[in-house]
Protein chains: 2
Amino acid sequence: MDNLPLCEANNVPLTPITFLKRASECYPNRTSIIYGQTRFTWPQTYDRCCRLAASLLSLNIAMNDIVSVLAPNIPAMYEMHFAVPMAGAVLNPINTRLNAKSVATILLHAQPKILFIDRNFEPLAREILHLLANEDSQLNVQVIFIEEADFSKRFSTNELDYEGLICRGEPTSSQVARMFRIQNEHDPISLNYTSGTTGNPKGAVISHRGAYLCSLSAIMGWEMGTFPVKLWTLPMFHCNGWTLTWSVAARGGTNVCIRHVTAPEIFKNIELHSVTHMCCVPTVFNILLQGKELDLSTRSAPVEVLTDGSSPPPSLVKKVQRLGFHVMHAYGLTEATGPALFCEWQDEWNRLRENQQMKLKGRQGVGILTLAEADVKNTNTQESVPRDGKTMGEIILKGSSIMKGYLKNPKATFEAFKHGWLNTGDIGVIHPDGHIEIKDRSKDIIISGGENISSVEVENVLYKHQKVLEAAVVAMPHPVWGETPCAFVVLEKGDIIQGDREDKFVTSERDLIEYCRENLPRFMCPRKVIFLEELPKNGNGKTLKPKLRDIAKVFVLHDENIVSSKKVQRKKETNRVDFFTSRL
Amino acid sequence: MDNLPLCEANNVPLTPITFLKRASECYPNRTSIIYGQTRFTWPQTYDRCCRLAASLLSLNIAMNDIVSVLAPNIPAMYEMHFAVPMAGAVLNPINTRLNAKSVATILLHAQPKILFIDRNFEPLAREILHLLANEDSQLNVQVIFIEEADFSKRFSTNELDYEGLICRGEPTSSQVARMFRIQNEHDPISLNYTSGTTGNPKGAVISHRGAYLCSLSAIMGWEMGTFPVKLWTLPMFHCNGWTLTWSVAARGGTNVCIRHVTAPEIFKNIELHSVTHMCCVPTVFNILLQGKELDLSTRSAPVEVLTDGSSPPPSLVKKVQRLGFHVMHAYGLTEATGPALFCEWQDEWNRLRENQQMKLKGRQGVGILTLAEADVKNTNTQESVPRDGKTMGEIILKGSSIMKGYLKNPKATFEAFKHGWLNTGDIGVIHPDGHIEIKDRSKDIIISGGENISSVEVENVLYKHQKVLEAAVVAMPHPVWGETPCAFVVLEKGDIIQGDREDKFVTSERDLIEYCRENLPRFMCPRKVIFLEELPKNGNGKTLKPKLRDIAKVFVLHDENIVSSKKVQRKKETNRVDFFTSRL
């Protein structure tokens with residue numbers, strides 16, 4: 001066989017930024033972005049991104065420099081997903097729900113050259129800059145504000161703000177050619193922090209190749225056809241909008257940007273722009289439930305909703321679907337660039353009862369096409385577990401869409417890639433039909449008398465109780481069994497107990513424990529139920545189980561007697577104060 | 001930014017053979033192949049492929065060795081698309097419609113170590129081997145027959161036939177691991193000849209990376225969801241079934257294999273197995289029209305038909321869609337690994353009249369997602385043509401799914417990749433909406449008085465005439481204008497003229513020229529119409545225009561007078577004899 005050398009015609013590095021160029025050529029008349037009264041076409045978005053990239057180059061942004069951004073889902077945030085890597089730099093979208101200290105920790109670690117901040121976050125920005133100044137931090141970052149632009153007026157090219165940069169960017173054609181022909185597909189495109197609160201920040205470095213493959217897999221996993229109209233309810237700072245920022249360009253779709261994720265905003269935009277697709281974590285379902293039913297007589301199909309972040313409770317899925325949404329569940333993590341498993345619907349499931357269908361929808365599903373391996377391994381032997389739907393092990397992933405590693409954190413990188421795959425830390429099973437189902441985060445598993453209890457399984461039972469709005473189950477120390485389940489529950493609005501109606505509260509705890517006993521093996525039932533007005537959550541809407549475990553630790557059950565409900569109630573309120581003052 | 005070295009977890013070479021492993025794990029209960037009474041599941045297909053690959057290794061097949069195959073769309077043909085590259089070898093599927101001499105030319109050029117031949121081609125095999133023996137060819141190829149297997153009986157492991165190899169293959173687990181973890185994604189996976197008849201065979205070398213990307217693009221371009229049931233009407237030897245051999249595994253689909261592409265076989269299999277997808281060249285539409293309407297009351301949707309090879313005549317598409325098929329048009333070529341453009345349907349088109357819709361369906365469309373560039377260039381200046389739907393240029397392609405080059409043919413490789421892209425040799429325009437439309441093969445363009453005439457455009461007008469079944473237009477020499485169009489036409493069955501009804505024949509020629517004058521600028525109208533009972537075609541169903549040009553040359557039009565129809569008729573019959581004796 002000949003040695004046929006690769007050449008310019010047949011060896012083009014893979015990067016999702018080419019989707020923008022293709023969209024401007026293949027979909028010249030289509031709307032790329034809608035934001036309030038603002039509308040762009042794909043050629044306009046292409047032009048704006050080329051200009052911004054040229055301006056970044058003129059600000060001496062060099063290859064692999066970090067450009068951080070703190071912004072909600074506004075057009076600038078979308079554009080930067082292309083423009084920043086087009087300038088050879090690495091985008092670092094920061095969670096806008098973090099406090100100043102957490103953001104400062106990330107900035108000190110990432111050492112960006114530029115930080116773009118939405119003007120509405122100016123108070124936060126001042127606080128961050130104050131912290132950074134105090135830290136004697138050696139961080140030399142240029143802060144550029146993104147103004148709420150009136151796109152109809154041309155900006156002065158002298159202003160050093162976002163629109164000014166777009167206005168004054170004048171790329172040459174050879175610059176543009178270089179923007180879309182990257183040198184190495186393994187180069188980083190994005191830096192996504194999984195957590196900024198601890199002294200050990202983990203910034204997952206995502207490659208062009210990984211982002212490209214993952215965004216194609218998202219299209220295929222979700223079966224997103226051409227010309228989707230995607231409402232951005234999911235923050236783009238979250239894994240680059242699960243890589244769908246790039247996928248929408250690939251499909252010539254329309255990005256409906258909104259600043260605030262509220263029920264009126266969501267429903268108004270769905271109707272105004274005939275939204276077809278949206279993504280959100282399951283907690284947003286509660287926001288959707290505050291809206292009304294979609295008028296399916298004026299739509300060709302329900303709104304496709306992709307959910308990820310945690311398994312959607314079946315009862316919640318059922319309610320949301322009845323409003324006119326069709327839910328698909330995926331499983332992803334920052335380290336996997338975006339979605340890694342999709343719960344692919346199987347036709348046979350259509351014959352099952354609705355409750356059973358909703359339960360199956362909660363499974364994490366099968367590995368995306370661009371992963372080489374998605375498996376569940378026994379953590380001791382590193383062998384695959386039997387595909388029996390029962391034997392638990394750790395979910396592991398392998399493939400070109402896995403992150404390059406954690407920035408400046410070789411120890412965490414080594415741990416993540418131990419054994420030659422990505423160790424997700426999630427504990428699951430594989431069903432005989434090939435679907436993976438998470439039973440728990442490895443650290444959330446409750447071990448009682450040597451038995452593994454999946455907190456998720458207990459939560460799912462609680463969610464079925466008609467009065468339960470939200471539930472989280474964690475381990476609570478137990479002198480005999482080591483650990484025992486403790487449930488934290490938020491009741492449906494009408495059922496929230498006032499301080500002067502404590503008697504009803506007592507009944508409810510017993511009710512729920514009794515309910516669990518009817519639906520679960522005895523050893524899996526919570527011995528304690530604590531009622532809260534809301535669960536503590538991080539910026540991504542994930543329940544902060546470590547916080548709940550801290551509370552649960554206070555209630556060591558010395559024997560089978562339940563601690564007096566009065567004490568519980570007091571403890572709860574004391575705790576509530578401190579865990580809602582700090583976010584994440 | 002850290003230098004994060006690639007590792008086993010995040011750097012897996014891209015190859016479509018991983019789709020087989022994934023299918024066996026993610027879709028364990030699904031049917032992979034149906035062939036008559038035979039059915040396999042994905043784990044069975046996985047097992048058979050591993051066994052075949054192990055047997056190939058035991059026959060001393062080494063890295064990059066060629067394994068040729070001459071077989072129709074039987075299970076073995078499908079399995080070899082995985083098993084041969086799993087053994088590190090390169091699959092060379094040969095067009096079964098070629099004659100012995102052409103096959104011998106290919107074999108001498110490709111130098112395969114093994115040639116698999118379906119037992120039904122034994123006479124052809126003998127002829128080929130006879131030719132090769134005479135040639136003193138130094139070809140040392142092992143011929144292995146594929147028997148029409150009774151899969152219910154176990155084959156003796158001593159037989160050196162296809163099923164024997166599968167039976168005796170006993171791969172070790174480390175062998176299997178190596179089979180799916182290829183070393184270099186740029187290594188060849190397939191060798192696909194574009195032509196075997198001349199002294200200059202062109203064997204396009206396809207890489208694992210290219211096949212992987214192209215098969216994903218085919219899924220997205222065609223919007224093929226999970227679990228398709230694909231009827232194999234398209235020969236798998238044709239660009240590996242347009243890369244859909246691999247795509248079906250990626251989607252956990254079912255391959256319905258058939259040996260003979262006839263109307264009864266097609267319709268029987270569609271009904272028996274609820275076929276959802278099929279591919280074919282437009283000439284197969286004529287076969288479909290011999291069948292009956294599909295019973296759409298028992299189906300959830302029409303059969304999705306992907307067509308390629310030549311632009312489907314609007315009238316033919318209309319007829320076929322009325323039977324219960326839904327046609328999508330793609331444009332591909334062997335050098336692009338498979339489909340390169342898809343005619344993505346635009347919602348606005350739904351508001352157009354049916355005829356207009358059918359015409360738009362004939363466009364080649366927009367570049368697939370995994371191409372970095374699909375453009376139309378002025379062949380002199382190498383500049384992109386304006387997107388006006390009028391200015392013609394050559395279609396060029398660039399990206400990682402383009403072939404590595406032609407085997408042992410540096411001159412043709414150089415020509416193909418001149419200017420840093422793949423020169424397709426097809427002449428087209430770009431419409432303002434971004435869609436590319438082919439006007440002609442560069443060598444099929446008719447240049448009359450300095451004007452370019454697209455033969456396809458004239459053909460499309462002829463196709464609209466209700467009596468025309470098939471039409472092909474080529475250049476015919478003209479002393480004044482240089483060239484002028486000459487049409488070859490096959491009439492609908494009832495309209496075929498017998499020798500004794502010559503008068504009607506004369507009328508028909510004048511009719512058609514008159515019809516063209518009503519629908520085309522005068523200079524584009526054929527000056528001559530020649531009626532045939534069928535058009536000469538090559539093994540892929542493409543009309544052999546060089547043959548038609550040879551005939552047209554006989555009719556040099558010295559002036560505006562039409563040559564007498566009597567003479568034409570005689571000429572036609574003389575010519576018919578020789579161009580139907582040799583195929584391709």
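Student: Where is Glu223(A) found?
Tutor: Glu223(A) sits in the loop between α8 (208-222) and β9 (229-231) of chain A. Helices (H or I, at least four residues) and strands (E, at least two) are DSSP runs, numbered from the N terminus. This is a predicted model, in which local features need pLDDT of at least 70 and side-chain atom pairs count only at pLDDT 80 or more, while totals for chains, interfaces and linings use all residues. Residues are numbered from 1 along each chain as its sequence is written, chains are lettered from A and ligands numbered from 1 in the order in which they are written, and side-chain values use heavy atoms, with hydrogens and water left out.

Student: What is the phi of Glu223(A)?
Tutor: Glu223(A) has a positive phi of about 55°, although it is not a glycine. Its relative accessible area is 42%, so Glu223(A) is partly exposed. Buried means under 20% relative accessible area, exposed over 50%, and partly exposed in between (1.4 Å probe, protein chains only).

Student: And Gln382(A), what is its phi?
Tutor: Phi of Gln382(A) is near 65°, a positive value in a residue other than glycine. Gln382(A) lies in the loop between β16 (373-377) and β17 (393-398) of chain A. At 22% relative accessibility, Gln382(A) counts as partly exposed.

Student: Which residues is Thr337(A) in contact with?
Tutor: Leaving aside neighbours within four places in sequence, the contacts of Thr337(A) include Ile206(A), Gly210(A), Cys214(A), Cys239(A), Thr243(A) and Met403(A). Contact means heavy atoms within 4.5 Å.

Student: What about helix α16 of chain A: how many of its residues are buried?
Tutor: For α16 (residues 455-464) of chain A the count is 7 of the 10 residues, so the helix is largely enclosed by the rest of the structure. Among them are Val456(A), Glu459(A) and Leu462(A).

Student: And chain A as a whole?
Tutor: Chain A has 19 helices and 25 strands. Of its 584 residues, 62% count as buried. Among contacts between residues at least 6 apart in sequence, 70% join residues at least 24 apart.

Student: Moving to the two chains, how many salt bridges lie between chain B and chain A?
Tutor: There are 8 salt bridges between chain B and chain A. In one of them, Glu8(B) pairs with Lys398(A), with 3.5 Å between the closest N and O atoms.

Student: What area is buried between chain B and chain A?
Tutor: About 5,700 Å² is buried between them, of which carbon and sulfur atoms give 55%. In chain B, Met1(B), Leu4(B) and Leu369(B) lose the most area to chain A, together 13% of what that side buries. Buried area is the accessible area (1.4 Å probe) that two parts lose on being put together, summed over both. The contact takes 73 residues from chain B and 74 residues from chain A.

Student: How are the two copies related?
Tutor: Chain B can be laid on chain A with an RMSD of 0.0 Å by a turn of 180° and a shift of 0.0 Å along the axis. The copies are thus related as by a two-fold rotation axis. The superposition is by least squares on the C-alpha atoms of residues with pLDDT of at least 70 in both.

Note on methods. A salt bridge is a side-chain nitrogen of Lys or Arg within 4 Å of a carboxyl oxygen of Asp or Glu.
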